[in-house]
Amino acid sequence: MPIIQLDDSYGFPLPEEALTEPNGLLAVGGDLSAGRLNAAYNEGIFPWFLPNEVPLWWSPDPRAVIIQGELHTGRTLRRFLRNHPYRITVNHAFEQVIDSCAQRQEGTWIGRDVKQGYQVLHQTGQAHSVEVWHDERLVGGLYGVSVGTLFCGESMFSKMENASKCALIAFYHHFLRHYGDLIDCQVLNHHTASLGAKEISREKFIQYLYQFRNRPLKPGCWLQQVLEL
């Protein structure tokens, strides 16, 4: 099946039309405007491409998620969490977080257009960040997009021990307290698997998405605030 070239509309092919190799590639082209990004996330699709290249849009099968009640913290990590040295916040430094994610070796896909697109989503209240601070220095964090009671994680970074894990764990509990249902990790890796992420079929993920995308979170979830672990 040929890859669809996107036009000026915000329409996307159905996720099940994505290629199996490379896994999940669904469409090419378009831009990273707020309207197109919103349309993508509401259908279980996300962008990933290298700077100065045409945007590529993905919906892989399987999909990595953290399901409510299935977060895992091992004994060593739990010991660290009891005496961690960090302050963890929500939406205090979105631009710094995405810049720090871009500086990782794995984050080189986060070019200028990607940063600008997600910063617009942040300004409109749809993209959010979690920050980890040590002595007023940003040492870890994550960012992603909220779709109802589903949070689509995009990237994370860590400059000190367990900083990104602390960000995800603190956010997980905060999100659940505000009636969050599911965290999307996109593609499973060792880092997220160690915290309880698992793979589900794309079909099941889309079922969850359609179930959760119009549910409201408890008010106050995305206000600037300090999180407790």
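The entries below record what I looked up, in order.

**Entry 1: model and domains**

I note at the start that this is a predicted model. I looked up the domain assignment, and it gives domain 1 (4-60) and domain 2 (64-226). I took the centres of domain 1 and domain 2 over C-alpha atoms and found them 21 Å apart. For the contact between the two, I have 18 residues of domain 1 against 22 residues of domain 2.

**Entry 2: largest pocket**

I asked how much space lies in the largest pocket. The value is about 750 Å³. I counted 30 residues in its lining, and those nearest the centre of the pocket are Glu154, Ser155, Cys185, Val187 and Asn189.

By residue class, I have 16 nonpolar, ten polar and four charged residues in the lining of the largest pocket. I also checked the lining by domain: domain 1 (4-60) and domain 2 (64-226) each provide at least three residues.

**Entry 3: second largest pocket**

I put the space in the second largest pocket at about 160 Å³.

I wrote out the lining residues: Leu32, Phe49, Pro51, Asn52, Glu53, Pro55, Trp109, Gly111, Arg112, Asp113 and Val114. I sorted this lining into six nonpolar, two polar and three charged residues.

The largest nonpolar core here has 46 residues, and Tyr41, Trp57, Ile110, Tyr118, Tyr143 and Leu182 have the most contacts inside it. This core takes at least three residues from each of domain 1 (4-60) and domain 2 (64-226). I also found a second, separate core of 31 residues, with Tyr86, Ala167, Ile169 and Ile183 among them.

**Entry 4: backbone**

I looked for exceptions to a general rule: most peptide bonds are trans, and most residues other than glycine have a negative phi.

I recorded a cis peptide bond from Glu21 to Pro22, with omega near -5 degrees. Pro22 sits in the loop between strand S1 (4-5) and strand S2 (25-28). I recorded another cis bond joining Asp61 and Pro62, with omega about 10 degrees. Pro62 belongs to the loop between strand S4 (56-58) and strand S5 (63-67).

For phi, I listed Asn52, which is not a glycine but has a positive value of about 70 degrees. Asn52 is in the loop between S3 and S4. Is Asn52 buried or exposed? I have its relative accessibility as 84%, so Asn52 counts as exposed.

Tyr179 lies in the loop between H5 and S10. The cut-off for exposed is over 50%, and Tyr179, at a relative accessible area of 52%, is therefore exposed.

Notes:
Residues are numbered from 1 along each chain as its sequence is written. This is a predicted model: local features need pLDDT of at least 70, side-chain atom pairs count only at pLDDT 80 or more; totals for chains, interfaces and linings use all residues. Side-chain values use heavy atoms; hydrogens and water are left out. On a 1 Å grid over the protein atoms alone, a cavity is a set of points where a 1.4 Å probe fits but cannot get out, and a pocket is an open set with protein on both sides within 12 Å along at least five of seven lines; lining residues have an atom within 4 Å of a point. Grid points are joined across faces, edges and corners, and a volume is the space filled by probe spheres set on the points. Ala, Val, Leu, Ile, Met, Phe, Trp, Tyr, Cys and Pro count as nonpolar, Asp, Glu, Lys and Arg as charged, and the others, Gly among them, as polar. Domain bounds come from an automatic or database domain assignment. A nonpolar core is a set of buried Ala, Val, Leu, Ile, Met, Phe, Trp, Tyr and Cys residues joined through side-chain atoms within 4.5 Å. Buried means under 20% relative accessible area, exposed over 50%, partly exposed in between (1.4 Å probe, protein chains only). Contact means heavy atoms within 4.5 Å. Helices (H or I, at least four residues) and strands (E, at least two) are DSSP runs, numbered from the N terminus.
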